Amino acid sequence: MAGVKGTGLTKQERVYRHVRERILSGTYGPGYRVVITHIARELDVSALPVREAIRRLEAEGLIVFRPNEGAQVAASEPGFFEHELRVLAVLEGHATVMAAPHLSPARLDHLAELNEQMVEAMGRWDSLTFGRLNQDFHAAVYDACPNPPLVDLLRELARKLDAIRRTTFVHIPYRGDAAVQEHHALIALIRDGAPDEQVEAAARQHKLNTLETFRRAREEEQR
């Protein structure tokens, strides 16, 4: 299979990356049975590297073993989602401060344009486009951050949370006008050369507001 052979990776690492990518992309949703023999046949490896990869994914909380059912993609608990989102808020706040000096007027104009496109998508009730543009907005900020390991961590965490939201907590609404206004305020702070602590607080609170939306949605669902 393309991407599996000739990569210079061990068989276990190749299987691990393959299965993990499918989980994070939503191809393997919560409850999906990860059958060792099927994966081994698909990737043309023995069962051993598949078992080793699944153990790693189990340690990460992405896979669980259930009696008489075997390995399955784990469904995220609300508390886990909240903790992860809070971590993302802290990291994104720090990354935004680091990115700010590198966000040229042209890059800030691009962020503003993405924000305007979000307004247009919101007017069409196009939540899918709104969500994609929202991800593009944050990715454009990450791109200006000069700390590659932090950016990699942010991207990975954001993808993981998005996969959870799309496959497990599908009832969480995008925050529409509030998110757009917060983006607008963040752009203005960076343009004006606001103090680092103010920029960081705004970026962090932006994500924490998403967390609050999630909590309210869960409370309403349980009533």
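What follows is a walk through this predicted model, from its confidence to its cores and rings.

Residues are numbered from 1 along each chain as its sequence is written, and side-chain values use heavy atoms, with hydrogens and water left out. Because the model is predicted, local features need pLDDT of at least 70 and side-chain atom pairs count only at pLDDT 80 or more, while totals for chains, interfaces and linings use all residues.

Start with confidence. pLDDT is the predictor's confidence in each residue, from 0 to 100. The protein averages 85, and 88% of the residues score at least 70. Helices are DSSP runs (H or I, at least four residues), numbered from the N terminus. Contact means heavy atoms within 4.5 Å.

Now the interior. A nonpolar core is a set of buried Ala, Val, Leu, Ile, Met, Phe, Trp, Tyr and Cys residues joined through side-chain atoms within 4.5 Å. Buried means under 20% relative accessible area, exposed over 50%, and partly exposed in between (1.4 Å probe, protein chains only). In soluble globular proteins, nonpolar side chains tend to be buried together. Here the largest core has 40 residues, and L88, L111, L154, I190 and V199 have the most contacts inside it. Helix 4, helix 5 (105-123), helix 6 (127-143), helix 7, helix 8 and helix 9 (196-222) each supply at least two of its residues. Helix 4 gives the largest share, 8 residues. L88 touches Y142, L154, L157, A158, L161 and K207, not counting residues up to four places away in sequence. Apart from this core lies another, of 18 residues, including I23, A40, I54 and L57.

Look next at T96, in helix 4 (residues 78-99). T96 counts as buried because its relative accessibility is 2%. Leaving aside neighbours within four places in sequence, T96 is in contact with V141, L186, I190, V199 and A203.

Finally, the rings. Rings of Phe, Tyr and Trp (its six-membered ring) pair if their centres lie within 6.5 Å; planes under 30 degrees apart count as stacked, over 60 as edge-to-face and the rest as tilted. The whole structure holds 1 aromatic pair. Y28 and Y32 form it, stacked, at 4.2 Å centre to centre and 5° between the planes. Y28 is buried at 5% relative accessible area, whereas Y32 is partly exposed at 37%.
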